[in-house]
Amino acid sequence: MNLVMFGPPGSGKGTQAERIRNRYRLRHISTGDLLRDAVARKTELGRKVESILASGALVSDDLVLALMRDAIAQVGNDAQYAGWLLDGFPRTIGQAEGLDAILADLKQEIGALVVLDVKREALVDRLSGRRTCTQCKTVFHVKVNPPQVDGVCDKCGGALVQREDDRPETIAKRLEVYAAQTQPVLAHYRGRLPVHEIDGELPVDEVTRRIECVLA
Ligand code: AP5
């Protein structure tokens with residue numbers, strides 16, 4: 001099964017992707033994680049995109065499509081996975097059209113889109129309270145899902161940090177970019193494949209249960 005997890009910044013795409021990938025043996029491919037990893041490793045790509053990520057704007061379609069072509073192709077050659085789960089991609093009409101071409105080439109297709117609906121006020125609250133583990137990338141929230149020890153990951157003991165782009169002015173920019181460039185991507189898929197809208201404001205376990213229900 002191949003899935004796309006869709007929704008605005010802070011809607012819970014990463015949180016839910018981590019939960020459902022094991023159940024369906026999917027490779028979780030997050031463009032945000034791949035790009036942040038490139039920045040952390042100071043690769044050529046990382047140097048190109050660092051300031052773009054920090055500003056809340058989108059990286060160019062060409063760079064993202066090249067990254068995703070490789071990532072998707074690799075999954076097909078790896079027997080431990082039954083498919084992939086895209087998180088944070090496609091994010092523009094150009095990326096959606098590019099993905100169509102990549103999948104036609106690889107003779108693969110998307111099984112369904114899962115769309116997490118969350119209102120703006122809740123998104124701002126979630127993003128400003130998010131803390132991420134520097135080592136295992138587990139996500140916490142200072143109020144909703146706090147770690148047992150302040151600033152320390154429950155899972156691996158790594159340090160928890162606030163993402164560079166989770167500061168108020170950048171959050172506003174990311175939400176603007178989502179409305180202008182990413183939301184229109186849904187129209188590209190409606191009527192072509194199953195699009196499951198889920199209330200992302202429900203508790204995390206309930207959101208997972210509903211996703212599993214629509215995919216069953
Ligand atoms: P990316 O990393 O993709 O960020 P995003 O889409 O903005 O999404 P987030 O990771 O912020 O949120 P999420 O939906 O995964 O929520 P999470 O589960 O963490 O992209 C970052 C940047 O990279 C972009 O701005 C851009 O520059 C670049 N980029 C990435 N992809 C690109 C592309 N395709 N093209 C061009 N540029 C690209 O949850 C958030 C918080 O809410 C957490 O604290 C969590 O604990 C909490 N939470 C989750 N679920 C619930 C719930 N049900 N109830 C209460 N709290 C919850």
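Q: Contact means heavy atoms within 4.5 Å. Leaving aside neighbours within four places in sequence, which residues is Ile110 in contact with?

A: This is a predicted model. In it, Ile110 is in contact with Asn2, Val4, Trp84, Leu99, Leu103, Tyr189 and Leu193, with neighbours within four places in sequence left out.

Q: OK, on to the largest nonpolar core. Which members touch the most others?

A: Ile29, Trp84, Leu86, Leu99, Ile110, Leu113 and Tyr189 do. The core has 31 residues.

Q: Which elements give two or more residues to this core?

A: Four strands and helices from the list, to start: strand E1 (3–6), H2, helix H3 (44–55) and helix H4 (61–76) are among them. The list also includes strand E3 (83–87), helix H5 (93–106), strand E4 (112–117) and helix H8 (185–189).

Q: And where does the largest share come from?

A: From H4, with 6 residues of this core.

Q: What does the second, separate core include?

A: Met5, Ile20, Leu85 and Ile198 are among its residues. That second core has 14 residues.

Q: Switching to the ligand. Which of the residues around the ligand come nearest?

A: Thr15, Thr31, Ala57, Arg130 and Arg174. The ligand has 35 residues around it.

Q: How do the residues of that shell divide?

A: Into 16 nonpolar, 11 polar and 8 charged.

Q: Which element gives the most to the shell?

A: H2, with 4 residues. Elements that each supply at least two are helix H1 (13–24), helix H2 (31–40), helix H6 (120–129) and strand E6 (139–141).

Q: Where do backbone atoms lie relative to oxygen atoms of the ligand, say for Gly10 and Gly14?

A: A backbone N or O atom of Gly10 is 2.9 Å from a ligand oxygen. For Ser11, a polar backbone atom is 3.2 Å from an oxygen of the ligand. For Gly14, the distance from a backbone N or O atom to a ligand oxygen is 2.8 Å.

Q: How much of the ligand does the protein bury?

A: 95% of the 1,000 Å² that the ligand exposes when taken alone.

Q: Last topic, Arg163. Where does Arg163 lie?

A: In the loop between strand E7 (160–161) and helix H7 (168–182).

Q: What does Arg163 touch, not counting residues up to four places away in sequence?

A: Arg36, Arg130, Thr132 and Arg174. Arg130 and Arg174 also belong to the residues that come nearest to the ligand.

Q: Which side chain does Arg163 join in a polar contact?

A: The side chain of Asp165, at 3.0 Å.

How values were computed: Residues are numbered from 1 along each chain as its sequence is written. This is a predicted model: local features need pLDDT of at least 70, side-chain atom pairs count only at pLDDT 80 or more; totals for chains, interfaces and linings use all residues. Side-chain values use heavy atoms; hydrogens and water are left out. A polar contact is a pair of N or O atoms within 3.5 Å; within protein, one must be able to donate a hydrogen and the other to accept it, and residues adjacent in sequence count only if both atoms are side-chain atoms. A residue is near a molecule or strand if one of its heavy atoms lies within 4 Å of it. Accessible areas come from the Shrake-Rupley method with a 1.4 Å probe; for residues, only the protein chains shown count as cover. Ala, Val, Leu, Ile, Met, Phe, Trp, Tyr, Cys and Pro count as nonpolar, Asp, Glu, Lys and Arg as charged, and the others, Gly among them, as polar. A nonpolar core is a set of buried Ala, Val, Leu, Ile, Met, Phe, Trp, Tyr and Cys residues joined through side-chain atoms within 4.5 Å. Buried means under 20% relative accessible area, exposed over 50%, partly exposed in between (1.4 Å probe, protein chains only).
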